[in-house]
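Hi,

Here is the model I promised to pass on.

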Amino acid sequence: GGGGEREEGGGRGGGLPVPVVVVKSVNQLSDELGWSWYQWRLFFVTGLCVSAESIEVTLLSFISLEATREWGLEDHAGFWADTVTAAVFVGQILGCIIFGVLADRFGRLPAFMLGIS
């Protein structure tokens with residue numbers, strides 16, 4: 001058929017019904033379903049979390065240098081600054097693993113709320 005519909009099967013099957021798959025784009029589905037207050041709130045909170053993560057990565061370059069000065073590690077400042085940066089990313093990897101397991105066990109919303117708290 002036309003209009004975004006595609007027929008599957010060869011029409012052979014001894015009178016079996018032929019399944020029809022309706023293909024729609026994300027924009028078409030969004031227009032059909034619409035956005036309620038819940039989607040807008042979720043979009044806003046997720047945007048804030050992504051922004052906070054971006055700020056963390058940006059500030060990491062400054063914080064790693066200041067941490068090496070504060071902790072008296074200036075002898076090998078480049079090495080220790082890189083180590084502090086690596087420690088942050090190792091923490092993120094471990095956090096992803098832990099919160100992934102929590103999300104599988106208790107659901108995404110409780111894991112997300114615990115992660116942003």
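First, a quick one: does Ile97 count as buried or exposed? Ile97 counts as exposed, because its relative accessibility is 51% (exposed is over 50%, buried under 20%, partly exposed in between, with a 1.4 Å probe and protein chains only). Ile97 sits in helix H3.

Before the rest, some housekeeping. This is a predicted model, where local features need pLDDT of at least 70 and side-chain atom pairs pLDDT 80 or more, while totals for chains, interfaces and linings use all residues. Numbering starts from 1 along each chain as its sequence is written, and side-chain values use heavy atoms, leaving out hydrogens and water.

The protein has 4 helices and 2 strands, running β-β-α-α-α-α from the N terminus (DSSP runs numbered from the N terminus: H or I of at least four residues for helices, E of at least two for strands). Buried residues make up 7% of its 117 residues. It exposes about 9700 Å², with carbon and sulfur atoms supplying 66% of that (Shrake-Rupley, 1.4 Å probe; for residues, only the protein chains shown count as cover).

Gly34 comes after H1 and has a positive phi, near 75°.

Back to Ile97: it belongs to a nonpolar surface patch with Val90, Ile93, Leu94, Ile98, Phe99, Val101 and Leu114, about 730 Å² of accessible area together. Helix H3 (residues 77–106) gives the most to this patch, with 7 residues.

Cheers

How values were computed
Patch = residues over 30% accessible without salt bridge, like charges linked within 9 Å, V, L, I, M, F, W, Y side chains within 5 Å. Salt bridge = Lys/Arg side-chain N within 4 Å of Asp/Glu carboxyl O.
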